Amino acid sequence: MTKQNLLDCHTRIKPFVHNTAILTSRLIDKEVNSSIFFKCENFQRAGAYKMRGATNAILQLSEEQKKCGVVTHSSGNFAQALSLAAQSVGVAAHIVMPDTAPEVKKVGVREYGGKIYECKPTVDARQALADEIALKTGATFVHPSNDNNVILGQGTAAMELLYEQPDLDFILCPVGGGGLIAGSALAAKYFSNNCKVYGAEPFEADDAYRSLQSGKIESNETTNTIADGLKTVLGDKNFPIIKELVSGIVRVTEDEIVAAMKLVWERMKIIIEPSSAVTVAAVLKQSKLQPEIFQNKKIGIIISGGNVDLSKLPF
């Protein structure tokens, strides 16, 4: 995927997505002894960065494909994003969701016109039901993260961040299915001066960390994490990009995720979901364990989303 691919993608989706705010916090800067720039995709349409990739994927469909609709599987954010993107261009959206998905995200899907099909919370169950729906309806399957059009769309958040802050030393992203970090790594490659990209994920779902260690895609034995958006695994389209361009992945505990989430809510007065807090937790952790890495650096953090079930807050 080329620099021109990213530029074309950004132009294509611009009428449908927000160029979200970039916020700072003097208190958090002081705590980590760095300058942090938060790209607030929690302010994005549908509440998460995934609106970018979903929109790009749908706009690339033929007219014949649009008539049959789209289908995906998602625990919530991509489900909402694809539903809203589909609604924006008059396309039907079939959404497979695990029965454990947060109710607030199911409500969002319904409000955006998506039709929900529930399944067991496993990757195999999700894919099997999505394949069945595609066969019955003729809908085009759009993978939440392992799709080149989706990867390019997700990369536009980092593009916008680098346009405003071209001399960033690092960009950090949460890692679930790998679409955001792969897209961000491409953006850093083409639009920065040697900005390094790091990922962050929970110990409880650290497949990407282990995949980089082993050189092949690893699965998760457990997904017992509050970061519900990070339970999926990498794919064959995004992993080669990650393997080539991502400098490393920082793992954090559940307590560290909750503490980071609480810190941002209290100090920055913005709502972020646990999956977003994973990245903040990673910077806070590394600033203590290896302060020399981030000290006096300019760091971009992609705040991936703000879709939180307020009836189940962890603090």
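Trainee: Is F315 buried, exposed or partly exposed?
Mentor: F315 is partly exposed, because its relative accessibility is 38% (under 20% is buried, over 50% exposed and in between partly exposed, using a 1.4 Å probe and protein chains only). Keep in mind that this is a predicted model: local features need pLDDT of at least 70, side-chain atom pairs count only at pLDDT 80 or more, and totals for chains, interfaces and linings use all residues. Residues are numbered from 1 along each chain as its sequence is written, and side-chain values use heavy atoms, leaving out hydrogens and water.

Trainee: Okay, how many aromatic pairs does a search of the whole structure find?
Mentor: The search finds four. Rings of Phe, Tyr and Trp (its six-membered ring) pair if their centres lie within 6.5 Å; planes under 30 degrees apart are stacked, over 60 edge-to-face and the rest tilted.

Trainee: So what kind of pair do W265 and F315 make?
Mentor: Their ring centres are 5.4 Å apart and the planes sit at 80°, so the pair is edge-to-face. W265 is in helix α12 (residues 254-268) and F315 in the segment after β10 (298-303), so the pair ties together parts 50 residues apart in sequence. Helices (H or I, at least four residues) and strands (E, at least two) are DSSP runs, numbered from the N terminus.

Trainee: And W265, buried or exposed?
Mentor: Buried, with a relative accessible area of 19%.

Trainee: Which rings form a cluster?
Mentor: F170, Y198 and F294, linked by ring pairs.

Trainee: New topic: how do α8 and α9 cross?
Mentor: The axes of α8 (residues 148-164) and α9 (residues 179-191) come within 7 Å and cross at roughly 50°. Axes here are lines fitted to C-alpha atoms, for helices over the stretch in contact, with angles from 0 to 180 degrees between N-to-C directions. The two helices are therefore oblique to each other (under 35 degrees is roughly parallel, over 145 roughly antiparallel, 65 to 115 roughly perpendicular, the rest oblique).

Trainee: Which residues of α8 and α9 meet?
Mentor: Among them are I151, A158 and L162 in α8, and L180, L186 and F191 in α9; contact means heavy atoms within 4.5 Å.

Trainee: Last one: which residues does L27 contact?
Mentor: Leaving aside neighbours within four places in sequence, L27 is in contact with L263 and R267. L27 is in helix α2 (residues 26-32), and the C-alpha atoms of L27 and R267 are separated by 7.6 Å, though 240 residues apart along the chain. L27 counts as partly exposed, at 35% relative accessibility.
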